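Q: Please take me through the terms used for this structure, setting each value against its definition.

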Amino acid sequence: MTHPGAGALAGLRVLDLTGHRAQLCARLLADMGADVIKVEPPSGDDARRIGPFLDDLPHRDRSLFFWFYNLNKRSLTLDLKHSRGADMLLQLARTADVVIESFAPGTLDQLGLGWDILHRENPALVLCSIAPFGQTGPYRDYIADDTVLSALGGMLYVNGFPNHAPVRPLGLQAYHSSAYFGAIAVMLALLARDRTAEGNWIDLSMQEATAAAVEHVAGGFFERNEAEPRRGTLHWSRFFRVGKCRDGYIMHCTLGDWTSLIEWVKSDGKAADLDDPNYQQPMYRYLMAEHVFEVLDDWVKDYPRDELLERAQLLRQPYATVRPPEGAVRRRSADRARLLRRGRASGTRPPFPLSRRAVSFQRHAVAGHAASAVDGEHTGEILRDELAMAPEAIAVLAAEGVI
């Protein structure tokens, strides 16, 4: 039985063979208590070379990018191109629950670690292969980064302002969408394994995951057979839009108590024609959204943002301030405690703030600080504890460049 204080996935062993495009997938499992072993080449994972770096000092053990995507994982250096390295990975896979990889399609087969071999050695193993366009099809060998996947997945096309060129989404939306779908698929495969005792091979196309994450576009296309227009800050539902107050931005919403909202706007002498009875109907507000928000924009332009928000909430209007990322860190102490946690990376200065996991369990908590390992930090203990290797044998492997 799992100890009550352990994570919800305590006892689950995951081998993470992913590069920087897919490392969030295994981190999601690690955050919930899974024992994730990050397997990287002796020269270090490619993500370790991506900035920003701690104190702006580039080093493979100071990458904030790597730290974020590899919290709570153990690090094992292993040259999978070396026959002994591939053999040790296979030994580890015999007792693992999950392998997640993002090599180019066919690479595992070339390394002697393809699905047929992994499944033969461990029939209960779940293999999740994350590739830009999946393992089959005409694009399987194409190379793509997040921007390419956003473009080919439809996400970039619908982002931006009307009558202007598409705008790249902020961040790594295609990579993250793929990671979430991957983690969900892994958990479902493990659930199925509980019934059948058989593992499974998950073929995840990052392009298809990106397309599936563009929530409203598919429905609009299949309903109207037309591409979704770019709307700027107007939400696709047409009931939300960003407005500018005197000292910041606010998110308008016209789905609350319309009467109380308009009485407030009227008291400020800014309602224009919005007190027309037709606007009481949500569908009319939907059709007239651009005009509605033009009037509301004119109303809020001289308001202090926080004053507007406070009164809106008192009137049960679902308004919100539009905060920059650093604004979330300055919230009141109770909110801050919920939002932040203390993290560390081995061999660095004292713990630093990190965003919390988005979910928590009443009966399962992951104890201790989040940690991101330095390159190969746990290699010795993993080879000793999992493969029963003697220190002398480990030293030989290190000398030969296998680990």
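A: Axes here are lines fitted to C-alpha atoms, for helices over the stretch in contact, and angles run from 0 to 180 degrees between N-to-C directions. Helices (H or I, at least four residues) and strands (E, at least two) are DSSP runs, numbered from the N terminus. The model is predicted, so that local features need pLDDT of at least 70 and side-chain atom pairs count only at pLDDT 80 or more, while totals for chains, interfaces and linings use all residues. Residues are numbered from 1 along each chain as its sequence is written, and side-chain values use heavy atoms, with hydrogens and water left out.

Q: Why is helix α7 called roughly perpendicular to α8?
A: Helix α7 (residues 173-196) and helix α8 (residues 206-213) pack at an angle of about 95°, with their axes 8 Å apart. Angles under 35 degrees count as roughly parallel, over 145 as roughly antiparallel, 65 to 115 as roughly perpendicular and the rest as oblique, and therefore α7 is roughly perpendicular to α8.

Q: Which residues make the contact between α7 and α8, and what is its make-up by class?
A: Contact means heavy atoms within 4.5 Å, and on the α7 side it is made by A174, Y175, S177, S178 and F181, on the α8 side by M206, A209, T210, A212 and A213. Ala, Val, Leu, Ile, Met, Phe, Trp, Tyr, Cys and Pro count as nonpolar, Asp, Glu, Lys and Arg as charged, and the others, Gly among them, as polar; by these classes the contact has 7 nonpolar, 3 polar and no charged residues.

Q: Why are β7 and β9 called edge strands?
A: The open sheet of 3 strands has the order β7-β8-β9, with antiparallel pairing. Both β7 (240-245) and β9 (320-321) pair on one side only and are thus its edge strands. Helix α12 (residues 289-300) packs on this sheet, touching β7 and β8, and its direction makes about 25° with that of β7.

Q: What lines the largest pocket?
A: A pocket, on a 1 Å grid over the protein atoms alone and with a 1.4 Å probe, is an open set of points with protein on both sides within 12 Å along at least five of seven lines, and lining residues have an atom within 4 Å of a point. By that rule 23 residues line the largest pocket, with V158, N159, H216, G232 and W236 nearest its centre. Its lining has 13 nonpolar, 7 polar and 3 charged residues.

Conventions
Two strands pair if DSSP finds at least two bridges between them.
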